[in-house]
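Please keep the model open in your viewer and follow the stops of this tour in order, selecting each group of residues as it is named.

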Amino acid sequence: MTHTRHVKDGWFSENCPMWPGMALSLEIETILYDEKSPFQHIQVFDTRHHGKMMVLDGIIQLTQSDEFSYQEMLAHIPLFAHPQPENILVIGGGDGGILREVGRHACVKTMDFCEIDEMVIAVSKQFLPDLACGFDDPRVNVFIRDGAVFARENTGVYDVIIVDSSDPIGPGEILFKKPFYESLKNALKPGGIIATQGESIFLHKDCVTRLAKITRELFDRQAYACIMVPTYPGGNIGICLGSLGPELTRPAREMPADLQSRLKYYTPRIHEAAFILPRFAQIMLETL
Ligand code: SPD
């Protein structure tokens, strides 16, 4: 076990230069895993009130108490915006939560999954089976590769690409740059959609506007959706979307009743509502 500077007196505190002057603290009961992979520091905690928590390089990636909001929205917004999503690429998100959600769509035929750090997958399978169950789907093909290189090597293959990245510091940094978005666009079929982890409109204005500018330049349609996630900085995070055709802000398909009954956050109404932004953010994204 490596010493963790984020834990003191039974509390884990997340502080990061990307959100200076604030720290989210969760009370913990046990450190279940604490090791370094070739790419990052991986930790899993049992918290007192929020279930198990996965942390990468000191940053909270998920807690069992609210992971459903991020995974459902990042997966179901692009998948329901697409009229017939069959071939899907997921980059990052080694915990498997996005695959779990994508797999709920019966029309999906293949899910290619590209993750740079195989230790994250192994740790999730060991401690977070309710997320790692996403890997059990026979439609999943796992590639342990650099997502930026993988996207560059594939042309015209995917209906939907989802990028479940960590923040733009460390291994995730390259996933927030224009060349990566150009590769994503080239990897789409005509009419395809991308959805990427888009940070917070309150805390990461530079990042949000930079991603909006890139996607506006490259795609026919671009939009930003906002999600509530209590254990992410500021209690919210966004999705940056780009489309080569379909409208993004409304579902293009009916929600099957059996699927809706298994979801906790996503509904057709919250799909539309997530794109209604506070006035400051609306102005920020209109005046790029
Ligand atoms: N600030 C933390 C952003 C984390 C986004 N990725 C989470 C991975 C969950 N599948």
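Which residues of the largest nonpolar core touch the most other members? In this predicted model, that core holds 41 residues, and the ones to select are I77, V102, I239 and L241. Next, colour the elements that give two or more residues to this core, namely α1 (67-81), β7 (87-92), α2 (97-102), β8 (110-115), β10 (158-164), β11 (188-199), β12 (221-228) and β13 (236-243). Among these, α1 supplies the largest share, with 9 residues.

Now centre the view on I77 and, leaving aside residues up to four places away in sequence, display what it touches: E72, A225, I239, L241, L248, Y266, H271, A274 and F275.

For the next stop, turn to an open sheet of 6 strands, which follow the order β1-β2-β3-β4-β5-β6 with antiparallel pairing. Select β1 (7-8) and β6 (59-63), which stand at the edges, and you will see that each has a single partner strand, so one side of each is left without a neighbour in the sheet.

Within this sheet, pick out β3 (residues 24-36) and β4 (residues 41-47), an antiparallel pair joined by 7 bridges. Here I28 stands opposite T47 in β4.

Conventions: Residues numbered from 1 in each chain as written. Predicted model: local features only at pLDDT ≥ 70, side-chain atom pairs only at ≥ 80, totals over all residues. Heavy atoms only, no water. Pairing = 2+ DSSP bridges. Helix = DSSP H or I, 4+ residues; strand = E, 2+ residues; numbered from the N terminus. Core = buried A, V, L, I, M, F, W, Y, C linked by side-chain atoms within 4.5 Å. Buried < 20%, exposed > 50% of the residue type's maximum accessible area, 1.4 Å probe, protein only. Contact = heavy atoms within 4.5 Å.
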